[in-house]
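Trainee: Hi! I'm new to this one and would like a quick tour. Could you start with the surface?
Mentor: Happy to. Here it is.

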Amino acid sequence: MNLDYVNEISTVHEVKVALCYLLARVDGKIPERDLYRIIFDVEFVNYFLYTSAIEELLINKTISRENINGIEYILLGEKGREAAEVLKKNVQFRFRKHLLEAAYRYTAQRSSERAAKVSISKRESGYSVRAVFGDEKLELMNIDLYAPDEDQAEYLAFQIREDPIEFYKTVINSLLFAKRPEIKIDEDKV
């Protein structure tokens, strides 16, 4: 029987395999709130099957919960990695494809967040969009941009977050390779 028309994963077993597959694609460690958000963004996992699958995976020690700096993480165990590879064919290709896309989006977003910390604050007049590029060891650039209103501040912050590396390269390149205006010195005045 071909079930390609099914709109969601229909068994706890499939959800468990799908969760292991997704966790394996995000390096086996993810804040639980992010896992929840990703799963329900793909819109083919039922909430009740999801909670049952999580509980069964925890009981079987396929995954574990760990509190790191006050944030609950879900960690994929070795048993879960093996299950993701061996049993992934139990989940329809189109569901695996969506999970893989979600994992790539999540990984790219996390990478962007690590590359630049962007914040918005209200000023006396307008808003300030602050972007700090680098990491805990080395701050490469700290820039504060003015925006006249909140909408423009949100837009600037979005643009920086969307591709922080490109923003950084653009600023650096404009400083390094900008054509300097030619200075003409009148011989009579020197």
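Predicted model: local features only at pLDDT ≥ 70, side-chain atom pairs only at ≥ 80, totals over all residues.

Trainee: Where does Y36 lie?
Mentor: Y36 is part of helix α2, which covers residues 32-41. Its relative accessible area is 40%, so Y36 counts as partly exposed.

Trainee: Let's switch to charges. How many salt bridges does the count come to?
Mentor: The count is 7 salt bridges. As background, side chains of opposite charge can pair when their charged atoms come close.

Trainee: Which residue does R37 pair with?
Mentor: R37 forms a salt bridge with D34, with 3.6 Å between the closest N and O atoms. Both residues sit in helix α2, 3 residues apart, or about one turn of the helix.

Trainee: And what about R33?
Mentor: R33 forms a salt bridge with D34 too, and there the closest N and O atoms are 4.0 Å apart.

Trainee: Is D34 buried or exposed?
Mentor: D34 is buried, because its relative accessible area is 7% and the cut-off for buried is under 20%. R33, at 52%, counts as exposed, while R37, at 34%, is partly exposed.

Trainee: What does K169 pair with?
Mentor: K169 has a salt bridge with E166, the closest N and O atoms being 3.6 Å apart. They are 3 residues apart in helix α7 (residues 164-177), so about one helical turn separates them.

Trainee: New topic: what volume does the largest pocket have?
Mentor: About 290 Å³. Its lining includes V26, D27, K29, P31 and Y73, as well as Y106, T107, R110, E113 and R114.

Trainee: Which element gives the most to that lining?
Mentor: Helix α5 does, with 5 residues. β1 (29-31) and α5 (93-115) each supply at least two lining residues.

Trainee: How do the lining residues divide into nonpolar, polar and charged?
Mentor: The lining has 4 nonpolar residues, 1 polar and 5 charged.

How values were computed: Residues numbered from 1 in each chain as written. Heavy atoms only, no water. 1 Å grid on protein atoms, 1.4 Å probe; cavity = no way out; pocket = protein on both sides within 12 Å on 5 of 7 lines; lining within 4 Å. Points joined across faces, edges and corners; volume = space filled by probe spheres on them. Helix = DSSP H or I, 4+ residues; strand = E, 2+ residues; numbered from the N terminus. Nonpolar A, V, L, I, M, F, W, Y, C, P; charged D, E, K, R; others polar. Buried < 20%, exposed > 50% of the residue type's maximum accessible area, 1.4 Å probe, protein only. Salt bridge = Lys/Arg side-chain N within 4 Å of Asp/Glu carboxyl O.
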